[in-house]
Amino acid sequence: MLKIIAAAACCLPVLAFADSLTVTDAWARASIPGTENGAAYATFKNPGNETVKITHISSDVSRLAEIHRHVMSADVMKMEAVESLSLDPNEVIKFQPGGYHFMLFGLNAPLKAEERFSLTLNFESGSSQEIEILVK
């Protein structure tokens, strides 16, 4: 019995760091001919009791993937990279055109409608979550 308790206790630190977000409506625009970059969107909810912090993202479909947002600066809409993104318990953030979005730089191939690809969210805790994106 003691061995079972010890084995279970060894797993506790891993479980405590298992960040996860609920992801809905994950999609990307099909590539416009001649473009090398793409954008993807989704709605995220933190169903947990602790703040979840995304520190970086990655995807096999592009050379580089980053979280970006649009901001108004001196009456000009600009896009800027977001170093990290935190979601408090029960917070919902909708990535959408003109707001937060995933930028995919240096696409390996054009994104085609009805295809799917994965994107990995990496959390401050060291855990990660893969999400599936539908190309529209």
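Start with strands β4 (residues 62-73) and β5 (residues 76-81): they run antiparallel and are joined by six bridges. Keep in mind that this is a predicted model.

Zoom in on Val-71. Its bridge partner in β5 is Lys-78. Now select the turn. β4 and β5 make a hairpin, with two residues between the strands. Ala-74 sits in that turn and has a positive phi of about 50 degrees.

Next, the aromatic rings. How many aromatic pairs are there? The count comes to five.

Select Trp-27 and Tyr-41. Their rings form a tilted pair, 4.6 Å centre to centre, with 35 degrees between the planes. The angle falls between the cut-offs of 30 degrees for stacked and 60 for edge-to-face, so the pair counts as tilted. Trp-27 belongs to strand β1 (residues 22-28) and Tyr-41 to strand β2 (residues 38-45), so this contact ties together parts 14 residues apart in sequence. Is Tyr-41 buried or exposed? Tyr-41 counts as buried, because its relative accessibility is 4% and the cut-off is under 20%.

Move on to Phe-44 and Phe-95. This pair is edge-to-face: 5.0 Å centre to centre, 70 degrees between the planes. Phe-44 lies in strand β2, while Phe-95 lies in the loop between β7 (92-94) and β8 (101-107). The pair links distant parts of the chain, 51 residues apart. Both Phe-44 and Phe-95 are buried.

Conventions. Residues numbered from 1 in each chain as written. Predicted model: local features only at pLDDT ≥ 70, side-chain atom pairs only at ≥ 80, totals over all residues. Heavy atoms only, no water. Pairing = 2+ DSSP bridges. Helix = DSSP H or I, 4+ residues; strand = E, 2+ residues; numbered from the N terminus. Phe/Tyr/Trp six-rings, centres within 6.5 Å; stacked < 30°, edge-to-face > 60°. Buried < 20%, exposed > 50% of the residue type's maximum accessible area, 1.4 Å probe, protein only.
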